[in-house]
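Here is a friendly walk through one protein model, with its helix packing and its core in view. Please keep the structure open beside you as you read.

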Amino acid sequence: GLSYLVQLLVHVHDNRNDGLDEPLALATSRSLLQLAAGSMSHTNVSLQSNMDTERDDVINAIATKALEPLVTMASSKQRGELRLVAVETLRIISDDVRPDRWTRQKLCVAGAAMAFGKVLQQASSCLPQWIESQQATSDSNVSHSSSTDMESSRETFQELYHALHGLANMLEPPTDDEEALHFAIQGFSEGVQKSLDLVCEQTGESGGVKSLLSIASLTMTTLQQKTLNTSISDLNEFLLESFRSLASLCPLLLSKSASNKSLAIFAENILLTLTGALKREASSDYYEEIVEEVQFNALRGLCSLAQYEPLKVMIIDESLTELLQFKNARNEQNELA
């Protein structure tokens, strides 16, 4: 059962120096992925008690004993299904926000944020070119890509989505939007703060911050499921997750820990990206909700950066007009106001 799968994955990992048994590692990882996904997807309230127990068993077993092999596979420089499965499994585990389980803290200690950052760095470099080629293919209604190329693209961008989502989860404490704004000003508890500082450090060292900025700079696209040929419904999900992470990074970049690690140098570039988001406009009703969510996260990040006087001045210089517009539109856009 579950214990056997975990032990098998650990065994394969521990003996990788003799040559990784990739088929066995892949089969075992797939099984754990299916169990993790199933345990996190239950919503039937009448069976909540039993489902909570099942989720506890699965997530706890993986988070306690299998994180090291999963993070090692997710950190591999070689793209492929094994790395994709590992990244997706880590992302699913990161959805567990129960404070008594400290799942995200365990992911942090295991180096999951470093693994996510490495995936972002590798995949984001080719994202603009891939979008351009897909748009050209879509416009001409002719496919110039082989089935192998399409499968490689599918895996790459599924992997990118899971890494973006997982990193955004790890950077955020388990709060709703209103509490997130409060935390942006008041700070976090000591235990949570240490974990978030470590995630921030891993994200910076892995190249993840630069990758987030690169993805956040992309314009919105109408590429849909039929074009992507992936389980990702819209490339704008990349945009939303990147802004969610950038907003959560803002209070961390001003901490003493970030200063000691020379991570505060990213603050100005993030500020410019966030103020630029306030200037975005929805070209159609389809984009309106996306723009509002991007702008809410931009404001959440700017709220944190404004605690530092030089950055406050810069925010005013870059976005005072937009900030006043949001404030005056209180009745129409209450959340942004």
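## How H15 and H16 cross

The crossing of H15 and H16 is left-handed, a term used when the near helix is turned anticlockwise from the far one by less than a right angle, with right-handed for clockwise. This is a predicted model, in which local features need pLDDT of at least 70 and side-chain atom pairs count only at pLDDT 80 or more, while totals for chains, interfaces and linings use all residues. Residues are numbered from 1 along each chain as its sequence is written, and side-chain values use heavy atoms, with hydrogens and water left out.

Helix H15 covers residues 267–278 and helix H16 residues 285–305; their axes come within 9 Å and cross at roughly 140°. That angle makes H15 oblique to H16 (under 35 degrees is roughly parallel, over 145 roughly antiparallel, 65 to 115 roughly perpendicular, and the rest oblique). Axes here are lines fitted to C-alpha atoms, for helices over the stretch in contact, with angles from 0 to 180 degrees between N-to-C directions. On the H15 side, the contact (heavy atoms within 4.5 Å) includes Leu-271, Leu-274 and Leu-278, and on the H16 side it includes Ala-298, Leu-302 and Leu-305. By class, this contact has 10 nonpolar, 3 polar and no charged residues (Ala, Val, Leu, Ile, Met, Phe, Trp, Tyr, Cys and Pro count as nonpolar, Asp, Glu, Lys and Arg as charged, and the others, Gly among them, as polar).

## A second pair, H4 and H6

H4 (residues 81–94) and H6 (residues 112–124) also have a left-handed crossing. Their axes come within 11 Å and cross at roughly 130°. Arg-83, Val-87, Leu-90 and Arg-91 of H4 meet Phe-116, Val-119 and Gln-122 of H6, a set with 4 nonpolar, 1 polar and 2 charged residues.

## Core and burial

The protein has 17 helices and 0 strands (DSSP runs numbered from the N terminus: H or I of at least four residues for helices, E of at least two for strands). Of its 337 residues, 50% count as buried, meaning under 20% relative accessible area, with exposed over 50% and partly exposed in between (1.4 Å probe, protein chains only).

Which residues touch the most other members of the largest nonpolar core? In this core of 88 residues, they are Leu-160, Phe-238, Ile-270, Leu-274 and Leu-305. Such a core is a set of buried Ala, Val, Leu, Ile, Met, Phe, Trp, Tyr and Cys residues joined through side-chain atoms within 4.5 Å. Helix H11 (residues 208–216) has 7 of its 9 residues buried, so it is largely enclosed by the rest of the structure.
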